[in-house]
Structures are given as structure tokens and as C-alpha cells.
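Let's take a walk through a protein model together, one piece at a time. Have the structure open and turn it as you read.

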Amino acid sequence: MSEIEKPDLTPEQEQILAQVVRRTNILVYATGFIVVVALLNIMAPQTMERLFQADTSSANADSLMVAMESTISDTLVVDGIHMATGLIVDDGFEQVKASCTACHSSKLITQNKADRDGWKKMIRWMQETQNLWDLGPNEDIILDYLAKNYAPVATGRRMNLTNIEWYTLED
Ligand code: HEC
């Protein structure tokens, strides 16, 4: 077999030939890339979807962050206060969190104070007018918790005054 004889080319022809070779190479690489992408699409469609849908994956990352944050803050307790609800962590806390934050903010609880009877009246009122369900055996646990942790504060009122010299207003 005789080798193909390289014809004598002018510098101009050499340049054109080099250009044709370069363009052919680019075409071959591009075709190769397209074939690889097409094959991956067929063989690993989910991976490709994830790679090419940047928007969706960042939305996934966002919702993951939100989920992580709420998980963290839901377990975060500082100085005995559950950060997500502001409720005092004590016996019955879980029951109160589960039953009493479904319809309204826990602030309604933390900003209220009452003795056991007062709390019971509020629960009855919600049951009669606001569709609060029967709390069953949890009611006692919840009432114990509320009466202990959100009781009227006795020291909130000043001491009675003593030794006052009363005087009568002239009329
Ligand atoms: C079915 C829904 C629902 C559930 C569950 C619920 N509540 Fe309520 N509660 C309400 C509604 C409605 C109000 C009135 C809200 C308002 O005035 O904005 C209310 C009001 C309150 C108030 C304010 C009462 C007042 O006099 O201002 C307190 C305190 C309260 N709830 C505590 C609780 C506790 C403790 C529990 C758990 C045993 C609980 N809630 C569960 C519906 C509910």
C-alpha cells in the first residue's frame, strides 16, 4: 500500500486546510456531546432533570431550608421557653401545643392569666362557641399546666396602704 502523497500546497491552501480540520473537530466534539447528553437523558433522566432545572432545585433548597428552620426552632428552648410558641416548657406542654395552637396563636395563652377554674371556663366557652373539640383525658393535663404556669400573679398588685390619714372633701 502506498501512502497517500501529500500534495504540494501553497501557504494559502495550507491555511484553508487547517481551518477545515479545526471546524471538523469542533463538529465532531459537538456531535459527541449531544450524543452523550441524549444517552444520559435516556439512561438517567432524573439526574438530567435535576441538572438542568436550576429553578426547581433552588426552590427545593429553599423549602428544605424552611423545613430545617422550622424543625430547629420547633425544638429550640431558651430559658424554659419554647421559642416557636413562647410557651413555658413544663409537664403538659406537648398537649397544650398540640391542642391549643391549632386555631390561634399561642400568644392568646401566654398573654392570659387565670386560675384553674378560669381556664376551664375559657375552654368551655371555646367548646360552646368556637368548635373546640372534647379534650378528653388531656383536659386535666392541660388545665394543670395552665393553672400552674399562667396563674394570676399575686405580686402584680401593690400592697394595701396602711396608716393613712383620710380626710373628707369639703362640699
Ligand atoms: C377549635 C379552635 C380552637 C382551639 C383548638 C382552641 N381555641 Fe382558643 N380560641 C378560639 C377562638 C376562635 C378564640 C377567639 C379568638 C379571638 O378572639 O380572636 C379563642 C380564644 C382563646 C383565648 C382568649 C380568650 C379571651 O377571653 O380573650 C384563650 C386564652 C384561648 N383561646 C386559649 C385556648 C387554649 C388554652 C386552648 C387549648 C385547650 C385553645 N384555646 C384551643 C378557638 C380555639
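(The expected span is 1.5 Å times one less than the number of residues; helices are DSSP runs of H or I with at least four residues, and they are numbered from the N terminus.)

A word on what you're looking at. This is a predicted model, where local features need pLDDT of at least 70 and side-chain atom pairs count only at pLDDT 80 or more, while totals for chains, interfaces and linings use all residues. Residues are numbered from 1 along each chain as its sequence is written, and side-chain values use heavy atoms, leaving out hydrogens and water.

Now, which residues of helix 6 are buried? They are Gly118, Trp119, Ile123 and Met126. Here "buried" means under 20% relative accessible area, "exposed" means over 50%, and "partly exposed" is in between, using a 1.4 Å probe and protein chains only. If you look down the axis of helix 6, the buried residues fall within an arc of 140°, so they line one face of the helix. (That arc is taken from the directions from the helix axis to the C-beta atoms.) What covers them includes helix 5 (107–110) and helix 7, where contact means heavy atoms within 4.5 Å. The face turned away from the buried side carries the exposed residues Lys121 and Glu128.

Lys121 forms a salt bridge with Asp117, with the closest N and O atoms 3.2 Å apart. (A salt bridge is a side-chain nitrogen of Lys or Arg within 4 Å of a carboxyl oxygen of Asp or Glu.) Why are these two about one helical turn apart? Lys121 and Asp117 are separated that way because they sit four residues apart in helix 6. In general, an α-helix has 3.6 residues a turn, so residues three or four places apart point the same way. Asp117 itself is partly exposed, at 44%.

The search of the whole structure turns up six salt bridges. Another of them joins the side chains of Arg116 and Asp144, at 2.2 Å from N to O. Arg116 lies in helix 6 (residues 116–129) and Asp144 in helix 7 (residues 138–149), so this pair ties together parts that are 28 residues apart in sequence. Arg116 is partly exposed at 31%, and so is Asp144 at 45%. Through shared partners, salt bridges join Arg116, Asp140 and Asp144 into one network.

Elsewhere, Asp74 and Lys97 meet in a salt bridge too, at 3.5 Å from N to O. Asp74 belongs to helix 3 (residues 54–75) and Lys97 to helix 4 (residues 93–100), so the pair links parts 23 residues apart in sequence.

What about aromatic rings? The whole structure holds one aromatic pair: Tyr145 and Tyr150, tilted, with 6.0 Å from centre to centre and 55° between the planes. Rings of Phe, Tyr and Trp (its six-membered ring) pair if their centres lie within 6.5 Å; planes under 30 degrees apart count as stacked, over 60 as edge-to-face and the rest as tilted. Tyr145 is buried at 1%, and Tyr150 is buried at 4%.
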